[in-house]
Amino acid sequence: WAGLRPGTPDYLPLLRRTAAALWTVNHGIARQARTSIHDNLVRSSLVFEEMLAARASRLELAAQVVVADPRFASILAISGASHSPQYRATVKKVASDFNSITTADLFEVLDAHGHLLASCGRATSSAAARASLVGAAMRGRQVSGILVEDHSHFQVTVTPVSVDRRVVGALLLGAGIAKPPALELQRITNSEVTFADRHEHTGRS
């Protein structure tokens with residue numbers, strides 16, 4: 001640049017070429033960064049979907065084992081006893097015995113009308129939050145989904161309990177989507193992970 005002074009005719013084209021080169025380099029770096037971020041998000045999304053699918057399979061299998069047990073099914077086959085405190089205490093005792101094996105965050109037993117008989121997990125769900133899933137299960141099919149309760153997310157499955165081809169109740173099993181899944185997802189994707197419900201964080205790595 002010897003002999004060139006700012007403002008001279010020879011100086012201005014060189015300045016423009018330098019600025020254009022810097023813009024091109026910066027634009028290329030920004031584009032690579034956006035591509036990398038997008039690829040990481042896509043990969044993380046796929047990993048998360050696979051994680052949820054695996055968790056759903058485990059919940060569904062555990063629920064099927066419980067409802068197939070004669071001791072569990074027979075207690076729900078007793079009709080007209082839903083309002084009896086003694087009956088509810090018996091249902092809760094049976095449910096607690098089974099959840100000592102499944103260790104589910106949500107373990108809730110419902111009668112044939114979808115009313116809660118017993119809850120013995122670390123958390124509870126509200127009637128409004130579980131209504132659509134329970135309604136589908138009462139039509140005789142196992143359903144899974146995400147339940148939001150008190151700024152917490154749960155992956156749940158609701159399984160009908162049938163006796164002599166008649167639906168006599170349902171079992172709701174759920175696992176929280178919070179810090180442990182976030183840490184697992186962080187380990188796999190090498191990304192910071194936060195689960196949120198509106199403006200509330202429900203779990204982060």
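## Order of the elements

In what order do the elements of the protein chain run from the N terminus on? They follow the pattern α-α-α-β-β-α-β-β-β-α-β-β. Counting by type, the secondary structure comes to five helices and seven strands. Keep in mind, as you look around, that this is a predicted model.

## The chain as a whole

The protein chain has 205 residues, and 39% of them count as buried.

Among contacts between residues at least 6 apart in sequence, 49% join residues at least 24 apart.

Now find helix α4, which covers residues 127-137. Its buried residues are Arg130, Leu133, Val134, Ala136 and Ala137. Looking down the axis of α4, you would see these buried residues fall within an arc of 160°, so they line one face of the helix. They pack against β1 (106-111), β2 (116-119), β3 (143-149), β4 (152-163) and β5.

On the other side of α4, Ala127, Ala128 and Ser132 are exposed.

## The largest pocket

Let's turn to empty space. Rolling a probe the size of a water molecule over the atoms shows where such space is left. The largest pocket holds about 210 Å³.

Its lining is made of 17 residues, and those nearest the centre are Gly80, Ser82, Asp111, Ala112 and His113. Helix α3 (85-102) and strand β5 (166-176) each supply at least two lining residues. Sorted by class, the lining has eight nonpolar, six polar and three charged residues.

Key:
Residues are numbered from 1 along each chain as its sequence is written. This is a predicted model: local features need pLDDT of at least 70, side-chain atom pairs count only at pLDDT 80 or more; totals for chains, interfaces and linings use all residues. Side-chain values use heavy atoms; hydrogens and water are left out. On a 1 Å grid over the protein atoms alone, a cavity is a set of points where a 1.4 Å probe fits but cannot get out, and a pocket is an open set with protein on both sides within 12 Å along at least five of seven lines; lining residues have an atom within 4 Å of a point. Grid points are joined across faces, edges and corners, and a volume is the space filled by probe spheres set on the points. Helices (H or I, at least four residues) and strands (E, at least two) are DSSP runs, numbered from the N terminus. Ala, Val, Leu, Ile, Met, Phe, Trp, Tyr, Cys and Pro count as nonpolar, Asp, Glu, Lys and Arg as charged, and the others, Gly among them, as polar. Buried means under 20% relative accessible area, exposed over 50%, partly exposed in between (1.4 Å probe, protein chains only). The arc is that of the directions from the helix axis to the C-beta atoms. Contact means heavy atoms within 4.5 Å.
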